[in-house]
Amino acid sequence: MTQANKETRETRCPVCAGRDLLVEKPYPNQKKRFLQVTNLAHCKACGLFFAYPMPTKTELDNYYSAGVYYRDKQPDNPEFKAFSYAIAESRLELIARFVDQKASLRLLDIGAGNAILGKVILKKKPNISYDIVEPSPEIADLRDSGVRTAYQWITDIRKQEYDIVTLNQVLEHVNHPLDFIKSIQAHLKKGGLLYVDVPNRDDRFKEAVEPHVLFWDSTSIRYTLERAGFNILFLSSAGMTIARAGNYFAMGTSLTQRLLSPDRWTSRFNAIFNRLKLPFQFRHPAVRQSRVYGADRQWLRCVAQYA
């Protein structure tokens, strides 16, 4: 019997362990069923939406270690790298509001992917040293400069304390977020900062959400971080409005709306430019809105202090 089979799939809320759940719509997915998830459930106690039944930790670890996630994303694609760099700039600008601009700081980027944040830090904030955690071995060769130490798992890190820990598009992928955040606290200084960036209930504006298992809104992310012992310094949404994101990702839009959407044509033209090796790119609509906060937008960004 495999380890995955020994583990029991949870049907309680992964944050508050509540059982007062509303099993809502089918899990949005255009491909074959993702790890046997069938629905989205909504916890009435803490407000979290999550995959139901929840995949086990072993199932998720095996999925990411196999490199499936990054093969779909094509992280070496020039448009993706340009997009990632611009978004990383906007994230670093937000983090910088809450730190001493001249102090020597240590940052741990968990789920770093191609570590594009390190390239931005090297150029704009060289006083910050940059370590990463990234489970996928396939993406190691795609890392840009700036990485001091790379770990595959959080458990690989010996006792170290960082001034800043970043979770960029990570918390939607874990099945026990409180345990995950507490494992991070062992490596974060008291008074240190945790930066969290997650989709803002992307089941509302995407036709496919694989491999996301948690679907956060401002209520559930605040509840979770405060329960883990953090004080919220900043919490807001950023990026395209939900309505615009739905049009971009073709969620519930007509064929005519899809064909006439300037945002969708931006990506199509950029793909053509890349194939022709033309040195020109239209700015992605999310990049244009990445520094716009408030209202109901596609990402949630939070800066929290470890109390």
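Which residue lies over the face of tyrosine 306? Lysine 190 does, at 4.3 Å from the ring centre. A charge counts as over a ring if NZ of Lys or CZ of Arg is within 6 Å of the ring centre and within 35 degrees of the ring normal. A second case involves arginine 201 and phenylalanine 49. Here the charged end of the arginine sits 3.6 Å from the centre of the phenylalanine ring.

The model is predicted: local features need pLDDT of at least 70, side-chain atom pairs count only at pLDDT 80 or more, and totals for chains, interfaces and linings use all residues. Residues are numbered from 1 along each chain as its sequence is written, and side-chain values use heavy atoms, with hydrogens and water left out.

Aromatic rings come next. A pair of aromatic rings is described by the distance of the centres and the angle of the planes. Rings of Phe, Tyr and Trp (its six-membered ring) pair if their centres lie within 6.5 Å; planes under 30 degrees apart are stacked, over 60 edge-to-face, and the rest tilted. Six aromatic pairs occur in the structure. In one of them, phenylalanine 34 and tyrosine 63 have ring centres 5.3 Å apart. Their planes stand at 80 degrees, so the pair is edge-to-face. This pair links distant parts of the chain, 29 residues apart. Phenylalanine 34 is in the loop between β1 and β2, whereas tyrosine 63 is in helix α2. Helices (H or I, at least four residues) and strands (E, at least two) are DSSP runs, numbered from the N terminus.

Phenylalanine 34 is buried, at 2% relative accessible area. Tyrosine 63 is buried too, at 11%. Buried means under 20% relative accessible area, exposed over 50%, and partly exposed in between (1.4 Å probe, protein chains only). Ring pairs also join Phe34 and Tyr63 with Tyr27 and Phe215 in a cluster.

Leucine 35 is not a glycine, yet its phi is positive, at about 45 degrees. Leucine 35 lies in the loop between β1 (21-26) and β2 (39-43). With 23% relative accessibility, leucine 35 counts as partly exposed. Glutamine 36 is placed in the loop between β1 and β2. Its phi is also positive, near 65 degrees. Glutamine 36 counts as exposed because its relative accessibility is 51%.

Two prolines follow cis peptide bonds. The bond from tyrosine 52 to proline 53 is cis, with omega near -10 degrees. Proline 53 belongs to the loop between β3 (49-52) and α2 (57-65). The bond joining glutamate 210 and proline 211 is cis as well, with omega about 10 degrees. Proline 211 is in the loop between β8 (188-199) and β9 (214-215).

Contact means heavy atoms within 4.5 Å. Histidine 187 sits in the loop between α6 (177-185) and β8. At 8% relative accessibility, histidine 187 is buried. Leaving aside neighbours within four places in sequence, histidine 187 contacts Ile154, Ile157, Arg158, Gln160, Glu161 and Tyr162. Arginine 91 lies in helix α4 (residues 78-96). Arginine 91 is buried, with a relative accessible area of 13%. Residues up to four places away in sequence are not counted; arginine 91 then touches Asn168, Gln169, Tyr195, Asp197 and Arg301. The C-alpha atoms of arginine 91 and arginine 291 are 8.6 Å apart, although 200 residues separate them along the chain.

On a 1 Å grid over the protein atoms alone, a cavity is a set of points where a 1.4 Å probe fits but cannot get out. A pocket is an open set with protein on both sides within 12 Å along at least five of seven lines, and lining residues have an atom within 4 Å of a point. A volume is the space filled by probe spheres set on the points, which are joined across faces, edges and corners. The structure holds one cavity of 30 Å³ or more. The largest cavity has a volume of about 30 Å³. Its lining residues include Ala96, Lys125 and Ile128. The lining divides into four nonpolar, two polar and two charged residues. The second largest pocket holds about 160 Å³ of space. Cys13, His176 and Arg227 are among the residues that line this pocket.

Conventions
Nonpolar A, V, L, I, M, F, W, Y, C, P; charged D, E, K, R; others polar.
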